[in-house]
Amino acid sequence: MTPKETRSNPSGHSSMDSASSPEVGSGAALRQRAEELAGERARDMLENPETLSPEVARRALHDLRVHQIELEMQNEELRRAQEELEVSRARYFDLYDLAPVSYFTMSEHGIILEANLTGATLLGVARGALVKQPLSRFILPEDQDIHYQHRKALFATGAPQAWELRLLKKDAAPFWVRIEATTASGTDGVSVWRAVVSDITENKRAERALKTTNAELQEFAYALAHDLQEPLRMVVNFTQLLAEEHRGKLSRDADQYISYSVEGALRIEALQQSLLNYLEVTDRDSDRLSPVDCNQVLTQTLLSLQTAIQQSGATVTSDPLPATVADKTMLTHVFHNLIGNSIKYKGDAPPTIHISADRTAGGWLFSVRDNGIGIDPADSEFVFGMFKRLHGKETPGTGIGLALCKKVIERHGGRIWVESVAGRGSVFKFTIPTEGPP
């Protein structure tokens, strides 16, 4: 008879059957309960001698042996489960302790309750000595407020927080870490927070080196473009004089060569000026932002484009535009390039351009709509790249204008994009946050 059959045996020994259930408790508890039931059965037999018939005795003995075997099997299963649990627990603690990042569990006030070996190594303190120490003890004084504000926000909002700061450890220079924290409930129900702390010192060092290199390259490019202005201006002027004074006096080929030289010199001059404008935007400080009336910016832009508007027969209209937090010079570059492009890339009909602005949750959405030749949607990102041009030499330009617009808008904390279909005009849209860049 199997253990399962014993549990379903309708012999009336219900109390012993319930004792055989795994739900009663551990193996030791089951054995104790079985012994108690066996004692009760023996007493019952002594009090009722008539029940001690050979058949009843054999049946009782059989039941007791079955239950004994069942308990032994359950004890063996519990022992194996306990061993597997211990193996899993050891594996978990190995992963926890030897993880490549530091793990900390802390009280709401930042007291370290638990740390893995990696965390202890990071701080240069034995793990046992870390417990009950405030994490702030290891934070550079200048970064204490950063830590306090994020820890406060963590419990105020319940949302995960991440921040960067510098830590100190004995006989070592300060080093950078990134803390990613979430709240949790401790075993006693008290709120705690758990943090993953990663050493990002090398990342910060590489970041500083990259910024230094970029600044040096930018300074070099600006100096080069600026210093080339005077000699380039001389090349343009003297090439134009040569064309005027000797046109028709030399061969037709010579006139054509001079014309190519003038055209090339003028293109280089335009490219140089566009590059200087781009570098100026890149180097410009965000503290120049102030309330700007966009209607005035548009008026100034249209005055600078007056000749192009008249020659193309363009019609430029606008809705009332808002005041926003911006750098006026930089924003003028954006309007000048977008409206100028709408005129430059016109279709067969005279250009019709309309500028509007709509309020959004975080600021303003500006639109510059035209009826020009349009842009293939596949090229909607390409056109904002540096020196990226869709029409080659057939339309004059430097390939810097839209890249400059993108740089300006991003410096203001917004974004710029185009919605267009080839042959059906374009709508360039850009956003400017109400409060300026973050």
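**Ground rules.** This is a predicted model, so I noted the limits: local features need pLDDT of at least 70, side-chain atom pairs count only at pLDDT 80 or more, and totals for chains, interfaces and linings use all residues. Residues are numbered from 1 along each chain as its sequence is written, and side-chain values use heavy atoms, with hydrogens and water left out.

**Whole chain.** I found 14 helices and twelve strands in the chain. Helices (H or I, at least four residues) and strands (E, at least two) are DSSP runs, numbered from the N terminus. Of the 438 residues, 35% count as buried. My cut-offs: buried is under 20% relative accessible area, exposed is over 50%, and partly exposed is in between, with a 1.4 Å probe and protein chains only. Then I looked at contacts, meaning heavy atoms within 4.5 Å. Among those between residues at least 6 apart in sequence, 58% join residues at least 24 apart.

**The cores.** A nonpolar core is a set of buried Ala, Val, Leu, Ile, Met, Phe, Trp, Tyr and Cys residues joined through side-chain atoms within 4.5 Å. Which residues touch the most other members of the largest core? In this set of 35 residues, they are L331, F335, L338, I339, I355, F366 and F430. I then listed the elements that each supply at least two residues: α11 (294-304), α13 (328-344), β9 (352-359), β10 (363-369), α14 (401-411), β11 (416-420) and β12 (426-433). Helix α13 gives the most, with seven residues.

I clicked on I339 next. Setting aside neighbours within four places in sequence, I339 is in contact with L298, T301, L302, L305, I353 and I355. There is also a second, separate core of 23 residues, and I139, L154, W163 and W193 are among them.

**Rings.** I searched the whole structure for aromatic pairs and got five. Rings of Phe, Tyr and Trp (its six-membered ring) pair if their centres lie within 6.5 Å; planes under 30 degrees apart are stacked, over 60 edge-to-face, and the rest tilted. How do the rings of F335 and F366 pair, and at what angle? Their centres are 6.3 Å apart and their planes are at 85°, so I wrote down edge-to-face. F335 lies in helix α13 and F366 in strand β10, so this pair ties together parts that are 31 residues apart in sequence.

F335 is buried at 2% relative accessible area, and F366 is buried at 1%. F366 has a further partner: its ring and that of F430 have centres 5.0 Å apart and planes at 10°, so they are stacked. Since F366 is in β10 and F430 in β12, that pair ties together parts 64 residues apart in sequence. F430 is buried too, at 1%.

K204 lies over the face of W176, 4.6 Å from the ring centre. The charged end of R415 is over the ring of W417, 3.9 Å from its centre.

**Helix α9.** Which residues of α9 are buried? I got L232, V236, T239 and A243. They cover an arc of only 70° around the axis, which puts them on the same side of α9; the arc is that of the directions from the helix axis to the C-beta atoms. The face turned away carries the exposed residues E230, F238 and E244. T239 is buried at 13%. Apart from neighbours within four places, T239 is in contact with I258, S261 and V262. Just after α9, G248 takes a positive phi of about 90°.

**Helix α11.** Here C294, V297, L298 and T301 are buried. Their arc is only 100°, so they share the same side of α11. The buried residues of α11 pack against β6 (290-293), β7 (315-318), β8 (323-326), α13, β9 and β10.

Most residues other than glycine have a negative phi. K132 has a positive phi, near 70°. I found K132 in the loop between α6 (127-130) and α7 (144-157), and it is exposed at 69%.

Technical notes: A charge sits over a ring if NZ of Lys or CZ of Arg is within 6 Å of the ring centre and within 35 degrees of the ring normal.
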